[in-house]
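Here is a friendly note to read alongside the model. Please keep the structure open and look up each point as you go.

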Amino acid sequence: MADVPDNAPEHCPGTSSEAAGKAPSCEGCPNQNVCASGAAAAPDPDVELVRERMASVRHKLLVLSGKGGVGKSTVAAHLARALADGRDDRQVALLDVDVCGPSAPRILGVEGEQVHQSGSGWSPVYVTDNLSVMSVGFLLARADDAVIWRGPKKNGIIKQFLRDVDWGEVDFLVVDTPPGTSDEHISLVQYLRGSEVDGAVVVTTPQEVALLDVRKEINFCRKVALPIIGVVENMSRFVCPKCETESQIFPPTTGGAAKMCADMGVPFLGALPLDPRIGRCCDEGKSFLTEAPDSPATAAYMQIVDKILSYCKSK
């Protein structure tokens, strides 16, 4: 991955630049100390170990969001389910690196499972024969324990997941990241340098307060040369599961994600309607896609997955 692509904002010198964290434009940046310490610029010897581990993974997809509360983890989990459902010949894995909010075990119905270690590394937890997951949630004594870690420890567990989890031969690895553009994201991109990441799927909701932060997320991707597969607009409208009447919960006052994508020159993958059965299925650890196959939301998920598959095939 290059440091500063041509279309990157001019105010940031780049995470691997000698001026990272030291330039006048870095003043006030929350990542200034990380960059200035050399953590973002100095090569990490474990990057090669991560590359070797990731060599058995054909496609790597990062799911990002500019802010919390937009349903990023729900979208990541259901993208993984959609990629795996009905495809016994396709191995899919979900890596939950949202360290402080590890919700994947609950959403996928494997809460309380234990992680086992062997000579080849940590073994992920299997949801089905062709869908596995790894999350810091499996390492907590209790599900409601708070993860009170500073940046270096969070970055350490992310590196350990990438370096030590024995995924086996995997067709798709979906990575659920924390919201924002913090040091975890910088570390994730640095550790995956050279591992041929396919790109990022960015999740937002229609209202401008969410789109403001998504624009920052898109600029972050451009700054670190992370390809953008496209943007998903979650909760775009409410669909009544009984009468199928649609209504807008979050009015797109500035045109929503579709207009933002057109303005910023990034692909728009589609809009996911809000179906109350999605929340219930996440709470119960069930697949919404199989529990409500006739829902407009299920159709929207499958259309988005088709676009992602087309993108991956074209690389």
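1. Let us start with Cys35, which is buried, with a relative accessible area of 12%; buried means under 20% relative accessible area, exposed over 50%, and partly exposed in between, using a 1.4 Å probe and protein chains only. Cys35 sits in helix α1. Helices (H or I, at least four residues) and strands (E, at least two) are DSSP runs, numbered from the N terminus.

2. A word on the basis of this note: the model is predicted, so local features need pLDDT of at least 70 and side-chain atom pairs count only at pLDDT 80 or more, while totals for chains, interfaces and linings use all residues. Residues are numbered from 1 along each chain as its sequence is written, and side-chain values use heavy atoms, with hydrogens and water left out.

3. Which cysteines carry the UniProt annotation "binding site" together with Cys35? The unreviewed entry lists Cys12, Cys26, Cys29 and Cys35. They span 24 residues in sequence, yet no two of their C-alpha atoms are more than 11.0 Å apart, so they gather at one spot. UniProt positions are given in the numbering used here, feature names are shortened, and annotations may be inferred rather than shown by experiment.

4. Now look at Cys26, in the segment before α1 (32-36). Cys26 is buried, with a relative accessible area of 8%. Leaving aside neighbours within four places in sequence, Cys26 is in contact (heavy atoms within 4.5 Å) with Pro13, Ala19, Gly21 and Gln32.

5. The unreviewed UniProt entry also places a "binding site" feature at Cys240 and Cys243. Cys240 is in the loop between β9 (228-239) and β10 (246-247), and Cys243 is found in the loop between β9 and β10. Is Cys243 buried or exposed? At 51% relative accessibility, Cys243 counts as exposed.

6. Helix α6 (residues 183-191) is worth a look: nine of its nine residues are buried, so this helix is largely enclosed by the rest of the structure. Among these buried residues are Asp183, Glu184 and His185.

7. Two packed helices are described by the angle between their axes and the distance between the axes. Helix α3 (residues 72-84) and helix α11 (residues 296-314) pack at an angle of about 75°, with their axes 10 Å apart. Axes are lines fitted to C-alpha atoms, for helices over the stretch in contact, and angles run from 0 to 180 degrees between N-to-C directions. The angle makes α3 roughly perpendicular to α11; under 35 degrees counts as roughly parallel, over 145 as roughly antiparallel, 65 to 115 as roughly perpendicular and the rest as oblique. The contact includes Val75 and Leu79 of α3 and Ile304 and Ile308 of α11.

8. Trp122 and Phe161 form an edge-to-face aromatic pair, 5.7 Å centre to centre with 65° between the planes. Rings of Phe, Tyr and Trp (its six-membered ring) pair if their centres lie within 6.5 Å; planes under 30 degrees apart count as stacked, over 60 as edge-to-face and the rest as tilted. The pair links distant parts of the chain, with Trp122 in strand β4 (residues 121-123) and Phe161 in helix α5 (residues 151-164), 39 residues apart. Trp122 and Phe161 are both buried.

9. Finally, the backbone: most residues other than glycine have a negative phi, and most peptide bonds are trans. Glu196, not a glycine, has a positive phi of about 55°. Glu196 is exposed, with a relative accessible area of 66%. Met235 in strand β9 has a positive phi near 55°, and Met235 counts as buried at 15% relative accessibility.
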